[in-house]
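Please open the model in your viewer and keep the sequence beside it. This tour tells you what to select at each stop.

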Amino acid sequence: MATQDRSSQKLPQAAKPAAEGEPHLPMGRELTEAHRFAYAALCGVSLAQLFPEPEQRPFCTEFVAGLVKWLDLSEAVLPTMTAFASGLGGEGADMFAQILLKDPILKDDPLMITQDLLSFSLKDGRYDARARVLVCHVTSLLRVPLEELDLLEETFLESLKESKEEESETAEASRKKKENRRKWKRYLLIGLATVGGGTVIGVTGGLAAPLVAAGAATIIGSAGAAALGSVAGIAVMTSLFGAAGAGLTGYKMKKRVGAIEEFTFLPLSEGRQLHITIAITGWLASGKYRTFSAPWAALARSREQYCLAWEAKYLMELGNALETILSGLANMVAQEALKYTVLSGIVAALTWPASLLSVANVIDNPWGVCLHRSAEVGKHLAHILLSRQQGRRPVTLIGFSLGARVIYFCLQEMEQEKDCQGIIEDVVLLGAPVEGEAKHWEPFRKVVSGRIINGYCRSRIAQGGEKDHETLTTVAILMEWTGIGSKA
C-alpha cells in the first residue's frame, strides 16, 4: 500500500467532540437499533468466515460480546451474535452490509463504520492482527477503498501529535489547568525515562491524557477520546506502541544468542503507524545490493517499516560465492545450448550440465552455514515478537530466499507457543528454501491472521530425491538469481 504524502487528500469525516459535560458516545451508537444489530451481525459473520479454526473461537466470541456492549445492544441479542461468530451465519455478510448501506447516516459516508470499528479495536491498548483483518474485510464489504483505512490510521496518529502542541498552550491559561498539567507531567516524565532521553511525541508511551482528548475526538469519536483522556489512556498507548515507544529499533541484542552473532532492526521509513512491516533480506552482494535495506527501497506496505540485519558476514560470503559462479555461468550455459539446440530445441538447452553441478559445490559451505543460522535467527525473531517488543500492533513479514526461511522458522517457533495469535497479520515468502508439503504449512494458520503468500518457481530441478536436496537447493538458488527456468 502506498505511503506517499497524503496531506492533500480529503480527511475522513469525523464525529464532532461532545461538549463539556455531555456523555461521550461511540459513533456506532448513533445508528438505529436495527442498524446496530446489522453492524454487530456483519462483524460476527465475518469473523466466522475469516477465522473458522476451532482455536480462534474464543477470540471471535469475545470480540462480538464486547461489540454488543460497545453498541449498547440488548444482552438478549448476545446468543445470536455468538452463533454468528461460531459459523452459523451462513452467507449473511453481504446481506448485513447492504442493510447498513441503506442507513441515512452511512449512505454517503460508510467510512463511519470503519472509524467506529477501529476505535473499538484499539480501546484496550492493543491492535490485534485478527481485528485489523476484520476491519479491512468489513471496509471492503462496505465498498470503501482500503487506502481510506490507511489514511484513517495515519490521521489518528497525526491527531495525537497535533493535539499535544495545542493543548500544551491551552494548559498554561489557568491555574487549574496548570495543576492538571503538573499532574500529567509526572506521567510524561515516566515516559521520557522509559525512552531514555529521546523525544516524546504523541504516539509514545509517555502520552499524557490532557494532550489527547480534543484532537483525538475528531478522529476516533468522543468515546475514543474519553478513553484516551484518562489515566488508563496512558496505559493504552504504552501497550499499543511498546513501553519504550521507540519501535523495534530500540531492541538491541545485548549478547550472543546461541549461534547468532548479529540481529538488529534497521528502519526503512521514518513514519509511525498502527501496523508495521518487517522485511528480511536473503543474502548480500557487492554493488547495489550490499546492504540489507537496498532490496526494499520500493517497499510501501506501511509507514513504519523495518529490515532485519542478521549475520552479514555469512550472507556476504554466500553472495560472493554466488557471484564467483555466475561470472562463468553464461558461457557454460551457452556452450550447452549449442550442443542441444539442433537435436532437442532451446528448451533442452536449459538442462543444467553436470559440470555446473560440480562447480556449484563452491557455495555448499556458506550455503550450509546460512541455512543453519537462518533457522536460529527465525526462532529468535519469534521470541522478539512474542515478547511484544513492537508493541501490541499487527506485524507483516516479507522475505526472500534465506530471509523467507527466517520467516518460516519464525512461524514454526511461534506456533508452539500459547500466546502466538493476533500478532502476525500477513506473510509473504519469495523463493523460500524450505519444506513444501502442506502438512508443514497447515499449523501456520494458527499464527497468521491474514494471508500467507508463498511465491516460488516450479521446475524439474526441484523434483529430485531427498538425498540430493542440498545440491538441488544450491542449483535452485542459482536459477533464482539468474532467472533461468522461471515462468512469466
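Select Ser401, in the loop between strand 4 and helix 16. Helices (H or I, at least four residues) and strands (E, at least two) are DSSP runs, numbered from the N terminus. Ser401 has a positive phi of about 50°, yet it is not a glycine. Is Ser401 buried or exposed? Ser401 counts as buried, at 0% relative accessibility. Buried means under 20% relative accessible area, exposed over 50%, and partly exposed in between (1.4 Å probe, protein chains only).

A word on the source. This is a predicted model, in which local features need pLDDT of at least 70 and side-chain atom pairs count only at pLDDT 80 or more, while totals for chains, interfaces and linings use all residues. Residues are numbered from 1 along each chain as its sequence is written, and side-chain values use heavy atoms, leaving out hydrogens and water.

Next, select Arg388. Arg388 sits in the loop between helix 15 (364-386) and strand 4. Arg388 is not a glycine either, but has a positive phi of about 65°.

Six of them form an open sheet: 6 strands in the order 1-3-2-4-5-6, with mixed pairing. Which strands are at the edges? They are strand 1 (263-267) and strand 6 (452-455), each pairing on one side only. Two strands pair if DSSP finds at least two bridges between them. From one strand to the next, the twist averages 20°.

Zoom in on strand 1 and strand 3. They run antiparallel, joined by 5 bridges. Pick Leu266: its bridge partner in strand 3 is Cys307.

**A buried glutamate**

Select Glu311. Its place is in the loop between strand 3 (305-310) and helix 12 (312-326). Glu311 is buried, with a relative accessible area of 2%. Which residues is Glu311 in contact with, leaving aside its neighbours within four places in sequence? They are Ala259, Ile260, Glu261, Glu262, Arg373 and Val377. Contact means heavy atoms within 4.5 Å.

**A helix pair**

Move to helix 1 (residues 33-50) and helix 2 (residues 57-70). They pack at an angle of about 175°, and their axes are 10 Å apart. Helix 1 and helix 2 are therefore roughly antiparallel to each other. Angles under 35 degrees count as roughly parallel, over 145 as roughly antiparallel, 65 to 115 as roughly perpendicular and the rest as oblique. Color the residues that meet: Tyr39, Ala40, Cys43, Gly44 and Leu47 in helix 1, with Phe59, Cys60, Phe63, Val64 and Leu67 in helix 2. They divide into 9 nonpolar, 1 polar and no charged. Here Ala, Val, Leu, Ile, Met, Phe, Trp, Tyr, Cys and Pro count as nonpolar, Asp, Glu, Lys and Arg as charged, and the others, Gly among them, as polar.

Then select Asp72, in the loop between helix 2 and helix 3 (78-88). Leaving aside neighbours within four places in sequence, Asp72 is in contact with Arg29 and Arg36.

**The whole chain**

Zoom out. The protein has 18 helices and 6 strands. Of its 488 residues, 50% count as buried.

Note on methods
Axes fitted to C-alpha atoms, helices over the stretch in contact; angles between N-to-C directions.
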